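Hi,

Here is the structure I promised to pass on. Have a look at it first, and my notes come after.

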Amino acid sequence: MLIKILLLISTLILFPSQTFGENRASLVKENQLLREEWSLAKKPNLYVVFHLKEKRIQIKAKGISLREFPIHHVDFWGNNVPDQALALVKKSALVKPSRKTVRPGDMKESEDFTLDVLEIGDMPARYTLVLDNRVFISIRPSEGVTSKFGNTLSSLEDFLVRPAVTFWYAVRGKQYTALDLGLEKQDAKALYWSFTEGAKCIVYPQ
Amino acid sequence: MFRDKKTILASAVFSLFLLMWGTGFYIGMWPPIETEGKGSARSVSRLKSENQYLKQRIKSMAPNVFYIVIDSGKNRLFLKKGDRVIHEAVVSCGSGAVLRDPDKKTTWIFDTPRGVFTVQTKHVAPVWTKPDWAFIEEGEKIPVTAQGRMETGMLGDYALGFGSGYYIHGTLYTRLLGRNVTHGCVRVGDEDLKTLFAATDIGTRIYIF
């Protein structure tokens, strides 16, 4: 009997049923985000949609999905993501790609020139997207030996820095959300390439 | 004695960390102050149908006619109709390079613009009217007359203008297709350009990302 009760309690703790209130709240949130996406889709600009539940990212314009990336893992810290379109304030990376400067007259002797251009391969695969309303999305490559080493360091950061920051913002009563997303290396670079400062995104929650 | 002190200190630091981690996580889980607006009075079934309707409306924005999608990072162009890819081509997009005019203090950034555009002009055997940067880049003097800027054969057999001086056009440098080498225009191979020119009209949408 005791075992049965314990099993029942642990099942309820591990797999809680969605209550009516939670279901309604998530529908209201989804409704608000869909309205935000609808207004973004009316404009001629690119926008990014993070579907955390379905674990995919879409680059969209006018409602059309132009490219899609799978998300391999999601970690979440802090408050819920606000129910609104968020603008990308800046992209923060350890080594930022830099534009090449052409000097006047450089192209004259262009017969044996070497290509010195900014391409997708020059983009970082590990970076943080700083959005407005203090929402931070850290992108990490999920494969490769160096990626694993980097991710171990990042995990250490998660357990040392994130709690303190979450606590600090909570005490001050301010919004703070941090998301860690694991993507394939090439997808991470492609997202860095296409998601430019000032562009907006929608984050559908888990 | 020393070892005990060290153990106590380590335990205290660890406890403090656990306390902070737990508190931070717990407070972080608090839902933000909800300001329910329009959705507050609606029933669950109404919300569900409304959400379904919104999803459908967003999805239905894809044109049922031909449109062009350009991936400027991968240097690929797709001619599409609905969800179907009708034709795929390897192209060249903007190099992202920066050119500064030392005299006029003007700066050009050679990016292919991103966003949604439409075909505004269609040209057969286009003549390139070279802009200032083309002369500055080559260290040449900018001509005074419009005639001095004209150059034939550089843009291939066709060109599709999509605004602000940007074109989808042909190229002499076919070996560089697939690389980011242009000044912002989209270079396409001859055969692919022919297909594009035939499939598009003025007003055909171009999505660049």
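Below is what I found in it.

A bit of housekeeping: this is a predicted model, so local features need pLDDT of at least 70 and side-chain atom pairs count only at pLDDT 80 or more, while totals for chains, interfaces and linings use all residues. Residues are numbered from 1 along each chain as its sequence is written, and chains are lettered from A and ligands numbered from 1 in the order in which they are written.

The stretch to watch is residues 14–18 of chain A, where the pLDDT is below 50 and the model shows one contact beyond near neighbours in sequence. Where pLDDT is low, the predicted coordinates should not be read in detail.

Now the interface. Counting two residues as in contact if their C-beta atoms, placed from the backbone, lie within 7 Å, the contact involves 50 residues of chain A and 45 residues of chain B. On the chain B side, helix 2 of chain B gives the largest share, ten residues. By class, that side of chain B has 22 nonpolar residues (Ala, Val, Leu, Ile, Met, Phe, Trp, Tyr, Cys and Pro), twelve charged (Asp, Glu, Lys and Arg) and eleven polar (the others, Gly among them).

Helices (H or I, at least four residues) and strands (E, at least two) are DSSP runs, numbered from the N terminus, and two strands pair if DSSP finds at least two bridges between them. The sheet is open, has three strands in the order 6(A)-4(B)-5(B), and its pairing is mixed. Strand 6 of chain A and strand 5 of chain B are at the edges with a single partner strand each, so one side of each has no neighbour in the sheet. Strand 6 of chain A runs parallel to strand 4 of chain B, joined by two bridges; Thr101(A) has Val98(B) as its bridge partner there. Strands 4 and 5 of chain B run antiparallel with three bridges, and Val98(B) is partnered by Ile109(B) in strand 5 of chain B.

Last, helix 4 of chain B. Its buried residues (20 or more other C-beta atoms within 10 Å of their own, C-beta atoms placed from the backbone) are Leu193(B), Leu196(B) and Phe197(B). The face turned away from the buried side carries Glu191(B) and Ala198(B), which are exposed (12 or fewer).

Cheers

Technical notes
pLDDT = per-residue confidence, 0-100.
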